[in-house]
Amino acid sequence: MSGWVAVVAAALFLAVVLQSATGFGFALLAGPSLYAVMDPEKAVALLLILGLCVNLLVLLAERRSLSVDWGGLKPAMLAAVPGLPIGALLVRALPADALRIAIGVIVCALVAHRLWRREAAVALAAPGRTTAVVAGFSAGVLTTSTTTNGPPLALWLGGRGLPPAVVRDTVSAAFLLLDFVGIGVVLAVLGPSRALAEAVWLPALVPLVIVGHLAGSRLFRRLPAHRYDQVLLLAVAAAGAVSIVTGVR
């Protein structure tokens, strides 16, 4: 059991570093590692709480002015609200493996579409309300079903040509809102005793989150601006691949 604890701790640390460095990727590594040692339904609330901590650190603990694109984010977050209860119901009604495979295939297809067809990137990057609504609704469903809500938001914001600091802060603000509301939805659907069954791990994991954030924040400051979108796309593609692999294991 001690071996599993070490593996989970290492995965969580790397997940926090990736999230703090890019604004995305926490659930990519943290989700599969926790799902391997605990019931996915019980892991969801723990992941949401830890994700909330990471995003609070990115937005409030770096002593700098925030660069959040609130105008673009508002329609996406409004669209995410109806997706949250749908995701919580899906995680109870459908096999977790089937959800992960479906999500992974969709994510990989979106990444390939953007990489191979320039017009697809332009369409995905368009600041139109429809694109924001689709990204937001998808993120809402994913928040309470698998917690891997990053891919639709990262692809949408990362492709709009925004400066890295704006993308990172805007994605972090979106995750902060989704995690906060998502925790409430999970508590309502699963019940406090079931949803928070693994919360006893929080005192041990929060210090790990703080140290990981410090490392990830340092990496972000050293990452060249012209490489940021490449790293973001790579992380999204990896999220899709990991989702598929963990679903077919």
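In what order do the elements of the chain run from the N terminus on? Within that order, which residues of H11 are buried, and which are exposed on the other side?

A: This is a predicted model, in which local features need pLDDT of at least 70 and side-chain atom pairs count only at pLDDT 80 or more, while totals for chains, interfaces and linings use all residues. Residues are numbered from 1 along each chain as its sequence is written, and side-chain values use heavy atoms, with hydrogens and water left out.

From the N terminus on, the order is α-α-α-α-α-α-α-α-α-α-α-α. That comes to 12 helices and 0 strands (DSSP runs numbered from the N terminus: helices are H or I with at least four residues, strands E with at least two). The chain is as compact as a globular protein of its length, because its radius of gyration is 17 Å, close to the 18 Å that the globule rule gives for 249 residues (taken over C-alpha atoms; the rule is 2.2 Å times the number of residues to the power 0.38). The C-alpha trace spans about 45 × 40 × 30 Å along its principal axes. Of the 249 residues, 51% are buried (under 20% relative accessible area; exposed is over 50%, partly exposed in between, with a 1.4 Å probe and protein chains only). Among contacts with a separation of 6 or more, 83% join residues 24 or more positions apart (contact: heavy atoms within 4.5 Å).

Helix H11 covers residues 202-222, 21 residues in number, and reaches 30 Å from its first C-alpha to its last, close to the 30 Å expected at 1.5 Å a residue (1.5 Å times one less than the number of residues). The buried residues of H11 are Leu202, Leu205, Val209, Gly212, His213, Gly216, Ser217 and Phe220. They lie on the same side of H11 because they cover an arc of only 145° around the axis (directions from the helix axis to the C-beta atoms). An α-helix has 3.6 residues a turn, so residues three or four places apart point the same way. The other side of H11 carries Ala204, Leu214, Arg221 and Arg222, which are exposed.

Valine 211 also belongs to H11, and at a relative accessible area of 49% valine 211 is partly exposed. Its C-alpha is separated by 8.0 Å from that of phenylalanine 13, 198 residues away along the chain.

Phenylalanine 220, on the buried side of H11, has a relative accessible area of 17%. The structure holds 1 aromatic pair. Phenylalanine 220 and tyrosine 228 form it, edge-to-face, at 6.2 Å centre to centre with 85° between the planes (Phe, Tyr and Trp rings, Trp by its six-membered ring, pair with centres within 6.5 Å; planes under 30 degrees apart are stacked, over 60 edge-to-face, the rest tilted).

Alanine 112, in helix H5 (residues 96-116), counts as buried at 18% relative accessibility. Arginine 63 sits in the loop between helix H3 (40-60) and helix H4 (70-93) and is exposed, with a relative accessible area of 86%. Its phi is near 50°, a positive value in a residue other than glycine.
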